[in-house]
Amino acid sequence: MIVRRGKRLGNPMAFAFGMAGVVLLAASPLGSAYAQSSTVAPVVDAPDAPPPPTTATIAPSSPISVTTVGAQPLAQLDLFSAGRQTGLGQDLWKGSSADIARIVIPTLADAPLSPASAALGRDLLATASMAPDGAGNDAALAAARASAVLALGDAEGAADILDHTPGVSGSAALSRVAAEAALITGRNDKACAIGDALASDRDGIYWLRLRAFCQALAGKTDMAQLTFTLANQQLRDPYFARLLGALLAGGADAGDASLRNGLDFALSVQLKLDLGPALPTASRAVAQQLAGSPVAPGVPLPPLAGAAAATPPPPPPPPTEADVLNALRAAPNFSAYAETAKAMKPKIVQLVELKTALTAPVALATAAIVANDLSDADKIRAGLTVDGAGGVDVLDVTILDATLAAARGQPDPSLIGRLVQLGQTSDSRERNRAQSAVMLLAALAPSLDPGVRAELAAFSLPADGGPAARLIAMETAVGDGHKGEAGLLAIWATEAEGEVGPGLDDRIRIEQALARLGMSANARTFAVEGLAQLQAH
């Protein structure tokens with residue numbers, strides 16, 4: 001796969017949830033409506049919910065009131081306080097513009113982002129912190145945040161946020177995000193309870209489909225068929241119709257799995273379908289969940305409750321290098337390539353363990369790095385030389401070394417020097433590759449030798465036509481120490497380039513900005529992404 005710049009790519013892996021109006025906030029956190037049910041699965045590692053306020057109703061357009069218990073006032077609720085610890089700190093949004101947050105965050109639920117941009121968005125929005133100044137009780141922004149966290153691939157984070165957000169059952173938009181997060185994390189009972197607790201729009205198409213699925217799970221086949229018919233009268237979805245129809249028929253004629261959303265995923269898992277072939281069209285949330293799941297695509301899932309034990313299938317044949325390379329090369333864009341690399345990780349591990357003779361070791365090692373498997377990338381790299389022996393290109397190996405160094409945050413000056421020398425070639429394509437690799441790695445270096453700085457300043461690299469105003473605003477936010485705002489502006493600046501990610505000079509500016517803010521892990525992710533794209537996959 002050769003990644004091309006300048007083309008805006010569609011994103012089949014993002015959820016697009018409409019955020020309708022401002023959310024009515026009730027007084028108790030999500031879960032109170034269904035916590036009494038013994039079938040609801042608990043949220044793993046979720047912190048205890050804060051005590052609910054004692055007042056009951058808040059007007060949609062009014063701020064959240066400070067409530068009192070006796071004579072003791074309670075602190076004002078901050079809707080960004082739910083989340084996880086990402087290392088970005090509780091003061092992540094201190095001094096950040098709420099207006100920029102209101103512009104950018106709602107776009108992230110359906111923006112076509114590269115893996116590095118999506119990872120930055122997940123970290124920013126999943127962080128438990130104080131909200132941007134003046135937005136602590138902005139219910140619409142809180143809803144957009146939860147929707148974006150799910151769409152960017154953090155289903156567990158979205159579930160945790162919504163478990164500690166008041167008024168979810170009064171909002172169809174928030175409840176839908178909560179239900180999808182529950183389905184994607186394998187908590188079907190919880191998703192069904194969320195649907196039962198919904199106080200508005202219960203006859204919307206999504207809720208009819210969820211209800212039909214839940215009724216089928218409960219063995220209420222006739223009710224499920226009736227609800228299914230009502231859903232089809234509103235809008236027929238051939239994927240959902242095929243999968244639910246198969247579930248109602250006892251699993252017959254299910255066809256291929258679908259991973260477009262949580263409902264499709266839950267149905268495909270329930271039907272024990274092979275999930276691997278559907279990965280290229282998976283939503284980012286489903287793909288991320290599968291990447292960290294002990295149930296790898298293609299591995300049979302446990303049987304349904306009450307089902308007869310099935311004869312275990314024979315073990316799969318050993319993987320071949322061609323299987324992995326063909327899957328990687330079939331990816332239509334870098335985002336799909338990254339998800340495919342994660343899915344292929346077990347096969348790459350096996351190839352390394354079997355000491356398979358590789359015909360494309362750099363491609364396999366690069367995929368291992370993208371899948372965050374540095375150990376196996378190191379093992380593949382150990383069998384290569386940098387003198388062209390064995391038919392391996394010297395520049396390819398050196399860029400591989402740079403990618404490993406970037407992943408570890410170790411921009412070795414001698415490696416930078418090697419790349420500088422390789423950048424002296426008369427071959428324009430190879431020169432641009434080498435010089436681009438130098439810049440991406442050097443952006444992570446705290447300092448450079450004077451001679452290297454002179455070499456870098458003399459490079460002739462193509463300029464990007466990126467959104468300069470957003471990058472200037474990002475650098476201003478960095479100078480003022482507004483970490484959350486700078487991160488949002490960095491993501492916003494990459495949206496125009498879609499799943500390929502930013503061009504070279506924009507990418508380097510983002511790397512340097514994140515590094516200055518102490519967000520070194522995210523800076524490394526942007527560097528690795530750029531370096532991986534320099535290889536012809």
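Buried here means under 20% relative accessible area, exposed means over 50%, and partly exposed lies in between, with a 1.4 Å probe and protein chains only. The model is predicted: local features need pLDDT of at least 70, side-chain atom pairs count only at pLDDT 80 or more, and totals for chains, interfaces and linings use all residues. Residues are numbered from 1 along each chain as its sequence is written, and side-chain values use heavy atoms, leaving out hydrogens and water.

I will start with the whole chain. It has 537 residues, and 52% of them count as buried. The secondary structure comes to 23 helices and two strands; these are DSSP runs numbered from the N terminus, H or I of at least four residues for helices and E of at least two for strands.

Now Gly-195. This residue is found in helix 6, residues 188-197. Gly-195 counts as buried because its relative accessibility is 13%. Beyond its neighbours within four places in sequence, Gly-195 is in contact (heavy atoms within 4.5 Å) with Arg-202, Trp-207 and Leu-210. Ser-175 is 20 residues from Gly-195 in sequence, and their C-alpha atoms are 7.4 Å apart.

Last, a helix pair. The axes of helix 20, residues 468-480, and helix 21, residues 483-494, come within 8 Å and cross at roughly 165°. Axes are lines fitted to C-alpha atoms, for helices over the stretch in contact, and angles run from 0 to 180 degrees between N-to-C directions. Helix 20 is therefore roughly antiparallel to helix 21, a term for angles over 145 degrees. On the helix 20 side, the contact residues include Leu-471 and Met-474; on the helix 21 side, they include Leu-489 and Trp-492.

Terms used. Parallel < 35°, antiparallel > 145°, perpendicular 65-115°, else oblique.
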